[in-house]
Amino acid sequence: MNTLVIAGGCFWGMEELFRDQPGIVDTEVGYAGGSNDNPTYENHPGHAESLKLTYDPSVTNLAELLDYHFQIHDPTTMNRQGNDVGSSYRSTIFYADDDQKAAAVDAIARNQVYWEQPIVTSVEPLTTFWPAEDYHQDYLQKNIGGYTCHYERTR
């Protein structure tokens, strides 16, 4: 199994859409890219609300997952998705190695054709992924009809 950590707004909506994608084995919401250890929802300076995907590379691949990431959020809005504003909601691909970094850069270039405005997704090294509190995990499964600003855009 392989893992990928991405951010693109509130982690609830991203998790809900990714969970049903082919090859996804597990999803976990959390925080990445910030300045403190053991972040919480109330204290996560610099961290983005993030999604850790565990996937089966015999079923899907990094390029397909990154393309889907660009399909379910607006990567042209700086630090904003829907009603959520701030660096916690930035669009980011956190890379664990040089291959993931190269795939992220390629995905940004490949997906720019679907957006009129420039993609502002950052590509950042993954230092630590911190799991979010239990009540955030599988949130939209537990709270049917809960808030999300994520949806699949047609291509």
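**The sheet and strand β1**

Mentor: Six strands make up an open sheet, in the order β7-β6-β1-β3-β2-β8, with mixed pairing. β7 (122-125) and β8 (130-131) are at the edges with a single partner strand each, so one side of each has no neighbour in the sheet. Strands here are DSSP E runs of at least two residues, helices are H or I runs of at least four, and both are numbered from the N terminus. Two strands pair if DSSP finds at least two bridges between them.

This is a predicted model, so local features need pLDDT of at least 70 and side-chain atom pairs count only at pLDDT 80 or more, while totals for chains, interfaces and linings use all residues. Residues are numbered from 1 along each chain as its sequence is written, and side-chain values use heavy atoms, without hydrogens and water.

Take β1. Six bridges join β1 to β3, and the two run antiparallel. Leu 4 stands opposite Leu 53 in β3. Val 5 stands opposite Lys 52 in β3. Four bridges join β1 to β6 (residues 91-95), again antiparallel. In β6, Phe 94 is the bridge partner of Val 5. Five of the seven residues of β1 are buried, so the strand is largely enclosed by the rest of the structure. Buried means under 20% relative accessible area, exposed over 50%, and partly exposed in between (1.4 Å probe, protein chains only).

Look across at Lys 52. This residue is in strand β3. Lys 52 is partly exposed, at 28% relative accessible area. Leaving aside neighbours within four places in sequence, Lys 52 is in contact with residues including Thr 3, Leu 4, Val 5, Asp 26 and Glu 28. Contact means heavy atoms within 4.5 Å.

Now the helices. α2 lies across β1, β2, β3 and β6, and runs at about 15° to β1. α3 packs on the sheet too, touching β1, β6 and β7, with its direction at about 150° to that of β6. Axes are lines fitted to C-alpha atoms, for helices over the stretch in contact, and angles run from 0 to 180 degrees between N-to-C directions.

Next, the core. The largest nonpolar core has 29 residues, and Leu 4, Ile 6, Phe 18 and Leu 53 are among those with the most contacts inside it. Elements giving two or more residues to this core include β1 (2-8), α1 (11-18), β3 (48-55) and α2 (62-72). α2 gives the most, with six residues. Such a core is a set of buried Ala, Val, Leu, Ile, Met, Phe, Trp, Tyr and Cys residues joined through side-chain atoms within 4.5 Å. Leaving aside neighbours within four places in sequence, Ile 6 is in contact with residues including Met 14, Phe 18, Leu 51, Leu 66 and Ile 93. A second, separate core of six residues includes Ala 7, Ala 48, Phe 94 and Phe 129.

Finally, the rings. The whole structure holds three aromatic pairs. Phe 18 and Tyr 68 have ring centres 5.0 Å apart and planes at 85°, so this pair is edge-to-face. Phe 18 is in helix α1 and Tyr 68 in helix α2, so the pair ties together parts 50 residues apart in sequence. Both residues, Phe 18 and Tyr 68, are buried. Rings of Phe, Tyr and Trp (its six-membered ring) pair if their centres lie within 6.5 Å; planes under 30 degrees apart count as stacked, over 60 as edge-to-face and the rest as tilted.
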